[in-house]
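I opened a notebook for this protein and wrote down what I looked up, one topic at a time.

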Amino acid sequence: MGVTRSIDAISVHDLLGQVPALAAVVYGADHRIAYVNDAYAQVFGPRTPGAPARTALPELDELGLLPLMDQVLRSGRPRTVKSRRVQGRSRTGYYTFTCTPITTTEAAGVLIFAADVTDQVESAERLRSSERRQREAAVTLQRSLLPQELEQPDDLRVAATYQPGGTDAAVGGDWYDVITLGAGRTALVIGDVMGRGVRAAAVMGQLRTAVRAYARLDLPPHEVLQLLDGLASEIDASQIATCVYAVHDPSEGRLNYASAGHLPILVRDADGTVHATAEPTGPPLGTGGWMHTSGSVPLEQGATAVLYTDGLVERRDADIDDSIAALERAFAGATGSPQVICDRLLRAMRITAEHDDDVAVLVLQHPARTGHEAELFRGASLDLLGGTEAAPRARAFASGVLASWRFPTELHDLGVLAASELVANSLQHGTPPMRLRLRRTDRRLTIEVTDGDDHLPRRRRAEPVDEAGRGISIVATIASTWGSRRTPGGGKAVWCEFALPDGP
């Protein structure tokens with residue numbers, strides 16, 4: 001009982017004077033000062049008892065606490081404001097203020113109690129700053145690994161955009177690429193590495209580099225994804241990625257593609273009809289044990305296609321099929337250049353700077369050409385039946401076509417020579433059916449020969465006594481570039497290109 005009496009004997013002044021927190025007691029409607037402890041006085045200076053808070057406690061007025069104190073008096077309930085910045089006499093700090101009602105038989109008052117939370121606030125700010133730096137590093141790495149400037153094919157108009165997520169954790173592994181393959185063909189790639197931060201961006205960079213290397217082999221889309229699948233497991237077995245690899249051939253007017261668990265490509269035909277490609281042709285990269293297959297969709301002149309990552313359509317509160325349907329509707333009305341379409345799709349799908357996932361969009365157009373422009377994009381082909389008359393027919397055909405396209409004499413002669421050598425090589429080493437195809441754009445002339453044999457030619461040094469083996473070397477010497485690839489039907493195509501820097 002003696003202990004209880006001694007504790008009861010402690011006055012409020014003695015109790016509040018010993019706590020390190022700021023404490024003040026006010027009473028009445030004007031919140032007149034009844035008491036401030038030493039900790040309060042050290043921060044704000046001494047205060048005169050009996051003076052009203054509005055004039056004697058200006059710091060509370062500046063912090064917006066006077067209306068809060070009025071509410072406490074009226075309601076009889078405590079109120080708290082967190083982490084208010086306070087400019088004291090010697091330093092600036094952060095305090096959490098709690099206003100608690102006090103009721104006596106004589107008057108009602110408020111106890112203002114302020115705990116110093118400067119260390120916690122500064123620690124939280126350091127953590128936020130560290131997270132911002134990590135996010136900035138991830139964004140910088142992400143952007144540096146994306147194409148700094150898209151390759152612009154002769155036959156397509158392309159544009160792409162990437163927007164990192166607005167939250168600290170929303171920088172992911174989205175990427176895109178455009179790769180010119182030669183002979184007018186273009187590879188288009190978009191992918192998404194699951195996960196966030198620098199790790200996902202680093203894996204993305206390795207996959208993008210690998211895609212470009214595999215693209216140079218000019219393999220069918222599903223074979224490229226097959227190679228990527230094995231590589232993804234070696235890079236990081238815990239990382240899963242989705243990807244679409246598509247190849248556009250203007251001579252065929254088609255987009256051949258393979259998908260590894262990615263969202264469908266949307267295609268808008270020249271008449272405005274929008275349709276999605278078939279379901280993914282395989283599971284995500286890194287899962288292994290699956291044979292990917294290729295699909296095909298028409299992409300004639302006047303058509304537009306869009307490839308995108310899940311950040312554009314995936315929402316926590318909506319079914320993804322409904323979101324893709326909304327994207328199709330937005331795509332149907334999004335006209336203009338590829339860059340304009342990218343911007344319109346982002347707006348239509350409500351992608352803002354605060355969006356919680358990163359987004360990549362790649363748009364390609366196969367424009368319809370008329371008038372003078374149509375004269376600069378032309379093609380001609382000849383089926384070769386074999387026999388001794390095939391080579392002369394091919395030379396005569398190439399000469400007539402190149403003359404009708406009004407090429408200079410030197411380019412005309414080089415084109416005829418290249419066509420002759422490619423046809424001779426096909427007649428000697430290939431099998432029917434054979435075809436010679438010439439194609440011109442505003443920037444280059446392409447000569448291509450296809451046949452039914454799938455053995456790809458290679459350039460080799462011919463010995464002086466050899467009667468053959470010089471054809472590919474001649475083509476490689478006179479042309480700007482050359483290449484070969486296997487065709488879907490089991491044959492091959494061998495091609496070469498001549499640059500037209502100054503036009504015909």
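A residue counts as buried when its relative accessible area is under 20%. I note that the model I am reading is predicted. I looked up asparagine 37 and found a relative accessibility of 1%, so asparagine 37 is buried. I placed asparagine 37 in the loop between strand S2 (32-36) and helix H3 (38-44). Leaving out residues up to four places away in sequence, I listed what asparagine 37 touches: Leu16, Gly17, Val19, Ala21, Leu22 and Ala23.

I found 15 helices and 20 strands in the protein. The radius of gyration is 37 Å, while the globule rule gives 23 Å for 504 residues, so I wrote the protein down as more spread out than a compact globule. The C-alpha trace spans about 125 × 45 × 40 Å along its principal axes. Of the 504 residues, 47% are buried. I then looked at contacts between residues at least 6 apart in sequence, and 62% of them join residues at least 24 apart.

The protein exposes about 24500 Å², and 52% of that comes from carbon and sulfur atoms. I also looked up the charges: there are 52 positive and 63 negative ones, and their mean positions are 3 Å apart.

I took arginine 444 and aspartate 154 as one of the pairs; their closest N and O atoms are 2.6 Å apart. Arginine 444 is in strand S18 (residues 444-451) and aspartate 154 is in the loop between helix H7 (118-145) and strand S6 (157-163), so this pair ties together parts that are 290 residues apart in sequence. Are the two partners buried or partly exposed? Arginine 444 is partly exposed at 26% relative accessibility, whereas aspartate 154 is buried at 12%.

I went on to arginine 485 and aspartate 249, whose side chains meet in a salt bridge at 3.9 Å, N to O. Arginine 485 belongs to strand S19 (residues 481-486) and aspartate 249 to strand S9 (residues 241-249), and the two are 236 residues apart. I noted both arginine 485 and aspartate 249 as buried.

My next pair was arginine 378 and glutamate 375, with the closest N and O atoms 3.2 Å apart. Arginine 378 is partly exposed, with a relative accessible area of 32%, and glutamate 375 is partly exposed at 40%. I also traced one network of salt bridges that share partners; its members are Arg185, Asp218, Asp249, Arg437, Glu448 and Arg485.

Most residues other than glycine have a negative phi, and most peptide bonds are trans. I wrote down some exceptions. Proline 432 and proline 433 are joined by a cis peptide bond, with omega about 0°. Proline 433 sits in the loop between helix H14 (409-429) and strand S17 (434-440).

Alanine 183 is not a glycine, yet its phi is positive, about 60°. I found alanine 183 in the loop between strand S7 (173-182) and strand S8 (185-193). Its relative accessible area is 8%, so alanine 183 is buried.

Aspartate 218 also has a positive phi, about 55°, without being a glycine. I placed aspartate 218 in the loop between helix H8 (197-215) and helix H9 (221-235), and at 8% relative accessibility aspartate 218 counts as buried. Asp218 is one of the residues in the salt-bridge network I noted above.

Note on methods: Residues numbered from 1 in each chain as written. Predicted model: local features only at pLDDT ≥ 70, side-chain atom pairs only at ≥ 80, totals over all residues. Heavy atoms only, no water. Helix = DSSP H or I, 4+ residues; strand = E, 2+ residues; numbered from the N terminus. Buried < 20%, exposed > 50% of the residue type's maximum accessible area, 1.4 Å probe, protein only. Contact = heavy atoms within 4.5 Å. Rg over C-alpha atoms; globule rule 2.2 N^0.38 Å. Areas by Shrake-Rupley, 256 points an atom, 1.4 Å probe, with all protein chains shown as cover. Lys, Arg positive; Asp, Glu negative; His and termini not counted. Charge placed at Lys NZ, Arg CZ, Asp CG, Glu CD. Salt bridge = Lys/Arg side-chain N within 4 Å of Asp/Glu carboxyl O.
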